[in-house]
Amino acid sequence: DLTNKLQKAEERLRSMERESRFEAALASEIANLRANAPASANGNQKQSHALVLRGIDQNMPPNALSEDGKDFIDRNSAYIIEMYDYVVDLKNSITEERQLYRDLMAEHEELLALLGQTGFNVCE
């Protein structure tokens, strides 16, 4: 029984370490993209969210690519950065909503317990 618990704990630890390494590698790659992104890629926030939601390729005219494709790479890097920021924002929002839900459920349980105690006191 203890060996099973130990194995499960080690599996969870390995999984968490793997996820942590992935997050660190992803953050490092995004930092590299940010460092190499042109200054014009950090433009209007509302416009960049629109690009994220629609996809940058749909917003590019067919003749927008330069001969070496650098323009496409710069725009694609900006899109990747914006997508990463968008996903991080969503992840933070989900975490916050889950915490609010847990708080609400705890308060609900406390109110039910209080109601149950009050009901027993009235019956006595």
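This is a predicted model: local features need pLDDT of at least 70, side-chain atom pairs count only at pLDDT 80 or more; totals for chains, interfaces and linings use all residues.
1. A search of the whole structure turns up one salt bridge, a term used here for a side-chain nitrogen of Lys or Arg within 4 Å of a carboxyl oxygen of Asp or Glu. The partners are E23 and K91, whose side chains meet at 3.4 Å, N to O. E23 sits in helix α1 (residues 2–36) and K91 in helix α4 (residues 70–123), so the pair ties together parts that are 68 residues apart in sequence.

2. Residues are numbered from 1 along each chain as its sequence is written, and side-chain values use heavy atoms, with hydrogens and water left out.

3. (Buried means under 20% relative accessible area, exposed over 50%, and partly exposed in between, with a 1.4 Å probe and protein chains only.) Across the 124 residues of the protein, 13% count as buried.

4. The protein has four helices and zero strands, running α-α-α-α from the N terminus. Helices here are DSSP runs of H or I with at least four residues, and strands are runs of E with at least two.

5. Contacts are heavy atoms within 4.5 Å. Of those between residues at least 6 apart in sequence, 72% join residues at least 24 apart.

6. A friendly word on confidence: pLDDT, the predictor's confidence in each residue from 0 to 100, averages 76 for the protein, with 65% of residues reaching 70 or more. Over residues 49–54 pLDDT stays under 50, and the model has 10 contacts beyond four places in sequence for them.
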